[in-house]
Amino acid sequence: MRARTETETMTLTFDTKAPAGDILIYEFGARIDPECAPAINEQITLARRMYNDIVAYIRDTVAEAHACVLAHAGPEAHALQAQIDALTERFKAAKAADDEPAMKDIAAQRRQAWSDLGTMLKSARKLAKADTAPIFARIGKRSTCGTYQIRCSAVTRGLGWATANAVLDAALQAFKKSFMRGQAPRFSVGAEKIQDTLSLQFTAAGGLNVADLLTGRNAELSIAPPPAGAGRRRYGEFRFRLGPAQAGIYATGTWQYHRPIPEGARIGLARLIRRRVGKDTKWALQLMVRTPEPVRIESGHRAPLAAVHFGWAADLDGRRIAAIADSADPGNARILRLPAGVEDGLRRSAEAQAERDSLRDSIIERVKALDLGAADETLHAEHAALKRLPAQHIAIRRLHRLCHLLREADRLPDWLAQWRLADRALWQRSAHTARRARNARRSYYRETAIDLARRYDTIVIEPLDLAEAAIKVDEVTGEKTDFTRRARAGRVVAALYEFESAIRWAGVKTQSAVLDLVAPTVSLCAHCGSQSVQPDEADYQTLHCADCGAATDRKLNGAAMAWQIAAEEREEAVTEYWLHHAAAQRERAAEQAEKKRKLAQGRADARARADAAKSCAEAPPA
């Protein structure tokens, strides 16, 4: 076992919000009756409009609060803010032109302006706190908040209350994340969305009993299983309420009951999901199921510890996604590779998309040169908007919208109609190929994670932080990051967050402790513990130790090093993990009991008020 130096930074922790394993998401494929489509589309439109209304309100509110702080800071702060805004626009232009020297120069000026403005605003925020606090109080879920009032207005216009709650939660979450980055939440663009969701919530008595769901005794959601029970290609009928109860509008259709819902389970939430896969529309029913007991997968004798070191480097044998070690020796560790078919499918999908882009570029000048004559204003406005944009900034979907308008006006030229058909075929091929590849990747990760959790009592992972890998240009320095375009693309292909999530969930199912390790695993030699480790100049995936002379694969070294570090503190960390887990279960049980008590008390109070009102109404006049 290696010796630990004083300069090393190492922490072995765990996720304090790990699930208990008693809440699962069941998804079933569905088909919608055609006559329901207009009502569903109306609900989706109302939900999108509500989200954008909330985002607009949040942006205006934050701008008002910022203006209040600037007012306390004085005119010099106003001038600096105007300077920063101008520099930001120049930076965007330089970034679009890929002008790195200009980006560096502008970023340096902006950094200094940020620093100066930050100094001014630090004291101004304290002075303005009494004024900004009530401004920010408008954002939230309380009845007095403007964001909640927008939610109420959407419900009044006919949006289902559970969907409205979900939209409000999504908008507030977007605000929270963007505010931490110093940015404003983005509006939802319908053309960019590939999934829309309508929701139903069942809050009474801990959720809807599955027996009531499957026998049609619930007025909001009725799911009739096929007579033969669950199985492949077995279909039943469903009815999903849209909008308020008094409207009496439902989405109906069939659903594929491919696996049974556990007896005694309760349904807390149901979703009707519309997904866009290329030019096709897919539907699904999702149920949030709370099982009577947490899900458990039996496992036999297990080894004490395995360490997983993530990565996404490509080599001749396939893309490496992780190394797994169950001992201190890197020679006994193994490399995990993404199945070749997954990357091949994603590559073919990208090639089809590139072909779509090339076809668009080849016709765009002819599209801009179209003579529309006496066409209506809508068609002229759409065409004028396209003419102002360079080819690479024109979404192909906008061209299809223009084709639709031209066809309605009987002005669609043959060459554009041929492009439309060719692009639709490529679109379908690209989308469906990518979907199959992503599904195969997800299945591989889940199977691998379950196998790992069955074999080891404790799994140590190094948590991923891939945000930096997604950045092409550092907004602070104006310099390009060390990650090449190929490295950024590899990160998307590997989708290692999905693998990490699969490992965490597998640990819940098998009662394996999943611990997080933050340590310099690739900067230390797993053979001798030396810090004199350097990557090979010709092969970055090989590490050389100047002290012991070992040449070790980067990922194998990282996994073995992680195992060595974790092994020293494993017993103490695992004990703490299960103590926290037990305490969290007790806390959840207490919260559920208190929630049921309050619901019961609320119903009793409502009955008492109703009885009192009835008695007053029946009492003879004095």
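Me: Which residues line the largest cavity?

Reply: F14, D15, T16, K17, A18, Y577, H580, H581 and A584 line the largest cavity, where a cavity is a set of points on a 1 Å grid over the protein atoms alone at which a 1.4 Å probe fits but cannot get out, and lining residues have an atom within 4 Å of a point. This is a predicted model, in which local features need pLDDT of at least 70 and side-chain atom pairs count only at pLDDT 80 or more, while totals for chains, interfaces and linings use all residues. Residues are numbered from 1 along each chain as its sequence is written, and side-chain values use heavy atoms, with hydrogens and water left out.

Me: How much space lies in the largest cavity?

Reply: The largest cavity holds about 50 Å³ of space, a volume being the space filled by probe spheres set on the grid points, which are joined across faces, edges and corners. A search of the whole structure finds four cavities of 30 Å³ or more.

Me: Which element gives the most to the lining of the largest cavity?

Reply: That is α13, with four residues; helices (H or I, at least four residues) and strands (E, at least two) are DSSP runs numbered from the N terminus. By residue kind, the lining of the largest cavity divides into four nonpolar, three polar and two charged, where Ala, Val, Leu, Ile, Met, Phe, Trp, Tyr, Cys and Pro count as nonpolar, Asp, Glu, Lys and Arg as charged, and the others, Gly among them, as polar.

Me: OK, stepping back, how many helices and strands does the chain have?

Reply: The chain has 13 helices and 18 strands, and its C-alpha trace spans about 100 × 70 × 65 Å along its principal axes. Of its 622 residues, 41% count as buried, with buried meaning under 20% relative accessible area, exposed over 50%, and partly exposed in between (1.4 Å probe, protein chains only).

Me: And what volume does the second largest pocket have?

Reply: The second largest pocket has a volume of about 1,700 Å³, a pocket being an open set of points with protein on both sides within 12 Å along at least five of seven lines. Of the 35 residues that line this pocket, W114, R181, G182, Q183 and A184 are the closest to its centre.

Me: Which helices supply at least two residues of that lining?

Reply: For the second largest pocket, α1 (37-73), α2 (75-96), α3 (100-136) and α5 (161-180) each supply at least two lining residues, and α3 has the largest share, with ten residues. The lining of the second largest pocket consists of 17 nonpolar, seven polar and eleven charged residues.

Me: Switching to strands, why is β12 largely enclosed?

Reply: Strand β12 (residues 318-325) is largely enclosed by the rest of the structure because seven of its eight residues are buried.

Me: What joins β10 to β12?

Reply: Four bridges join strand β10 (residues 303-310) to β12, and the two run antiparallel; two strands pair if DSSP finds at least two bridges between them. H309 has A323 in β12 as its bridge partner. Strand β13 (residues 334-337) is also joined to β12 by four bridges, again antiparallel, and R320 has R337 in β13 as its bridge partner.

Me: How many residues lie between β11 and β12?

Reply: There are two residues between β11 and β12, which form a hairpin. Strand β11 (residues 314-315) runs antiparallel to β12 and is joined to it by two bridges, with D315 and G318 as bridge partners.

Me: What about the open sheet of three strands, what order does it have?

Reply: The order is β16-β17-β18, with antiparallel pairing, and the edge strands, each pairing on one side only, are β16 (533-535) and β18 (551-553). Three bridges join β16 to β17 (residues 542-545), and V533 stands opposite C545 in β17.

Me: Which helix lies across β17 and β18?

Reply: Helix α13 (residues 554-618) lies across β17 and β18, running at about 85 degrees to β18; axes here are lines fitted to C-alpha atoms, for helices over the stretch in contact (heavy atoms within 4.5 Å), and angles run from 0 to 180 degrees between N-to-C directions.

Me: Last one, is A495 buried or exposed?

Reply: A495 is buried, with a relative accessible area of 18%, and A495 is placed in the loop between α11 (485-494) and α12 (496-510). Although A495 is not a glycine, its phi is positive, at about 50 degrees.
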